[in-house]
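Please walk through this structure with me, beginning with the sheet and its strands and then turning to the helices and to a few individual residues.

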Amino acid sequence: MTASGSDLVLGIDFEAGHGEASLSDLASALDGHRVWESVPPPATGDYLKDCDPEIYTRPWLEELVGSPDRIVAVLGVCAGAPLAVTLAAGIRRAGLGQPQVIVFDPAPVDGNVLAREFGKALESFAGQITDDEQQQQRAVGTLAADAATATGDDLVPLAVRLEEAFRTIIHGACSRLRVCAALEQQLADRFANYLAYLVACSRASAAAAFAEATVILSSHHDTGQPHGAGHVVRLPSEAGRLLADAAARVSEIIGGRPW
């Protein structure tokens, strides 16, 4: 980094799915720009406080104060699209820049999403879960079904219950597998951080204004697009390759060239 700073792009995603392109793939192709990827704040279990979008993005904003870099864009992937809008607004209010907002395959978060991710997180323990733990998992599934369309603050009770159930179930599984306590804690905390991230994304969506954002969609993305989106671009890319294939288009948008 030079004394005068460099062009900085901020990226928000929890983590890419297995085998999917990530923000790192996009960053490697953005010549002349440095890319900072977000690190989710640690969850404390207080979902109402931790998942307030402005509180959630505050540590990222604080990292930028005093930086000589020019913040040119904030990127949001999938569920993280509304948080990109929130962070960009915070950057503008703090007088840290006027970044563009670019989001990729934005997807809303509701109770169905939390329940699905709970099930996926337990898949690797499937062979180690007892009948009693399976019953607990089904009970949580019933709660999730009742909250299937919940969003925003209404997701908090479900998130709390899912975290409790996950910690209980994997404690038993890890004990039977003789997994060390430190690794068990890491697994449980990662899921708690993920739940907090998803709830924050859902809460941010209520106030997110996408009028000045660019929305980049993969070829078959069909979960809709943010209401009032300013510019929409659809690329002939599969969802799992979108971030790797979008670098040229992102460079054009950041550079202010016609697209």
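Helices (H or I, at least four residues) and strands (E, at least two) are here DSSP runs, numbered from the N terminus. The model is a predicted one, in which local features need pLDDT of at least 70 and side-chain atom pairs count only at pLDDT 80 or more, while totals for chains, interfaces and linings use all residues. Residues are numbered from 1 along each chain as its sequence is written, and side-chain values use heavy atoms, with hydrogens and water left out.

Six strands form an open sheet, in the order β2-β1-β3-β4-β5-β6, and their pairing is parallel; two strands are said to pair if DSSP finds at least two bridges between them. At the edges stand β2 and β6 (231–234), each with a single partner strand, so one side of each is left without a neighbour in the sheet. Neighbouring strands of this sheet are turned by 20 degrees against each other on average, with direction ignored; the axes behind such values are lines fitted to C-alpha atoms, for helices over the stretch in contact, and angles run from 0 to 180 degrees between N-to-C directions.

Strand β1 is mostly covered, with five of its six residues buried, where buried means under 20% relative accessible area, exposed over 50%, and partly exposed in between (1.4 Å probe, protein chains only).

With a relative accessible area of 29%, R34 is partly exposed, and its side chain makes a polar contact with the side chain of S6 at 3.1 Å. A polar contact is a pair of N or O atoms within 3.5 Å; within protein, one must be able to donate a hydrogen and the other to accept it, and residues adjacent in sequence count only if both atoms are side-chain atoms. R34 and D69 are 35 residues apart along the chain, and their C-alpha atoms are separated by 9.3 Å.

Helix α3 (residues 53–64) lies across β1, β2 and β3 (70–77), and runs at about 170 degrees to β1. This helix contains T57, which is buried at a relative accessible area of 5%. Not counting residues up to four places away in sequence, T57 touches L83, T86 and L87, contact meaning heavy atoms within 4.5 Å.

Elsewhere, two helices pack against each other: the axes of α5 (residues 111–122) and α7 (residues 156–177) come within 11 Å and cross at roughly 5 degrees. The two helices are therefore roughly parallel to each other, given that angles under 35 degrees count as roughly parallel, over 145 as roughly antiparallel, 65 to 115 as roughly perpendicular and the rest as oblique. On the α5 side the contact is made by G111, L114, A115, F118, A121 and L122, and on the α7 side by L158, A159, L162, A165, F166, I169 and I170. These residues divide into twelve nonpolar, one polar and no charged, where Ala, Val, Leu, Ile, Met, Phe, Trp, Tyr, Cys and Pro count as nonpolar, Asp, Glu, Lys and Arg as charged, and the others, Gly among them, as polar.

Helix α6 (residues 131–146) holds L143, a partly exposed residue with a relative accessible area of 33%. Leaving aside its neighbours within four places in sequence, L143 is in contact with L158 and R161. The C-alpha atoms of L143 and G111, 32 residues apart along the chain, are separated by 9.6 Å.

Most residues other than glycine have a negative phi. D105, in the loop between β4 (100–104) and α5, has a positive phi of about 40 degrees although it is not a glycine, and D105 counts as buried at 9% relative accessibility. R178, in the loop between α7 and α8 (181–205), likewise has a positive phi, near 60 degrees, but R178 counts as exposed at 79% relative accessibility.
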